[in-house]
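Please keep the sequence and the structure at hand while reading.

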Amino acid sequence: MASITLNDTLGAAFLGNIAAACFYGITILQTWIYYGRNGSDRVYLKVLVFVLWALDSLHLALVTHAVYVYAVTDFANLLALEMPIWSILIQVVVTGISDLLVRGIFCQRVWRLSNRNWPLMIAIVVTTLTVFGGSIAFAIKGFSLPDYFALSRISDILYISLGVGVVADILIAASMCVLLAKRRTGFAKTDSMVRVLILYSVNTGALTSLCALICLITYATMPDNFIFIGVYFVLPKLFLNSLLATLNARRPLREAGSGPMVSIPISTTSNSRMSHSGMPQYSPGAREDQVSLIPPVSVEVLMY
């Protein structure tokens, strides 16, 4: 049995709690901005954002409870740090539910942009449900463990859940980048908007994948301390804030693209040619004041 030290057990959990609380403050701000900016959103999306905020609040309460019990209720009782308490295990379930809902919203975006690409959707849904199932299974089996040192009995669930989570996030981000890239029109304003959306997609996948990967690596290399738990506390906060950031970016992007409509030449034979990809490419001589006006690519279509 490994020796217990406060720095990498209670100290790691404490730092994870502080980081989670900081991100929760950002969540509150972004949620407030969302309801202030997006009053025209569909009711189901507003309800989902509220549910996600409530789950995030519950998650922080559970994390804080666990740290309080270890640091205050069981003060100076090092043996208590060996025992997983109920709030630690329940927060895993809450994280699983929150991540399931967030990935579900991202899946809807991929579904719309891909014109109902079933193979792609099946891959995303299977990986998403695998992560969710792993969270539930880990929590259920965790209640039967005598101490944290026995986590090795269910380490395969942890490895699969975190590993598949990385795959799911990369798959969603990569799909979004490819699908958004296909929406480029050749006009500066529309292409600029698409590039911003691609950047949001990359950041979403990169942040959550990196956090999950760090959690996976720290558990694999240091399974006898709480460093991986402290990292895991932050994971759902990053995921939710990434979603809220993309939702709140719609209005600025919409306003940035609300100037003169993107135009396409009437005669594609004189001023344009077709590329191998099937997209029209326009000659430098094509002027927008000589063409018919067609609405630009909608931010709502590209995002939700």
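Helices (H or I, at least four residues) and strands (E, at least two) are taken here as DSSP runs, numbered from the N terminus. On that basis the protein chain has 10 helices and 4 strands, and its elements run α-α-α-α-α-α-α-α-β-α-β-β-β-α from the N terminus on. The model is predicted, so that local features need pLDDT of at least 70 and side-chain atom pairs count only at pLDDT 80 or more, whereas totals for chains, interfaces and linings use all residues. Residues are numbered from 1 along each chain as its sequence is written, and side-chain values use heavy atoms, with hydrogens and water left out.

**Overall fold and burial**

- Buried residues (under 20% relative accessible area, against over 50% for exposed and in between for partly exposed, with a 1.4 Å probe and protein chains only) make up 46% of the 304 residues in the protein chain.
- The accessible surface of the protein chain (Shrake-Rupley method, 1.4 Å probe; for residues, only the protein chains shown count as cover) comes to about 14,800 Å², and 69% of this belongs to carbon and sulfur atoms.
- Taking contact to mean heavy atoms within 4.5 Å, 78% of the contacts in the protein chain between residues at least 6 apart in sequence join residues at least 24 apart.
- Helix 7 (residues 227–248) has 22 residues and reaches 32 Å from its first C-alpha to its last, close to the 32 Å expected at 1.5 Å a residue, where the expected span is 1.5 Å times one less than the number of residues.
- Helix 7 is also mostly covered, with 20 of its 22 residues buried.

**Salt bridges**

- A search of the whole structure finds 3 salt bridges, each defined as a side-chain nitrogen of Lys or Arg within 4 Å of a carboxyl oxygen of Asp or Glu.
- The side chains of Arg250 and Asp41 meet at 2.5 Å, N to O, and this pair links distant parts of the chain, with Arg250 in helix 8 (residues 250–256) and Asp41 in the loop between helix 1 (10–37) and helix 2, 209 residues apart.
- Arg250 counts as buried because its relative accessibility is 1%, and Asp41 counts as buried at 12%.
- Asp56 and Lys237 form a salt bridge at 3.0 Å, N to O, which joins helix 2 to helix 7 across 181 residues; Asp56 and Lys237 are both buried.
- Asp169 and Arg103 form a salt bridge at 3.0 Å, N to O, connecting helix 5 (residues 155–181) with helix 3 (residues 86–113), 66 residues apart.
- Asp169 is buried at 5% relative accessibility, and Arg103 is buried at 4%.

- Ser209 lies in helix 6 (residues 188–221) and is buried, with a relative accessible area of 7%.
- Leaving aside neighbours within four places in sequence, Ser209 is in contact with Val166, Asp169 and Ile170.
- The whole structure holds 0 disulfides, a disulfide being a pair of cysteine sulfur atoms within 2.5 Å.
- Cys211 is buried at 8% relative accessible area, and Cys215 is buried at 1%.

**Nonpolar surface patch**

- Tyr35, Val43, Val47, Phe50 and Val51 form a nonpolar patch on the surface, with about 450 Å² of accessible area together.
- Patches are made of residues with over 30% relative accessible area and no salt bridge, like charges being joined within 9 Å and nonpolar side chains (Val, Leu, Ile, Met, Phe, Trp, Tyr) within 5 Å.
- Helix 2 (residues 43–73) gives the most to this patch, with 4 residues; Val43 is in helix 2 and counts as exposed at 61% relative accessibility.
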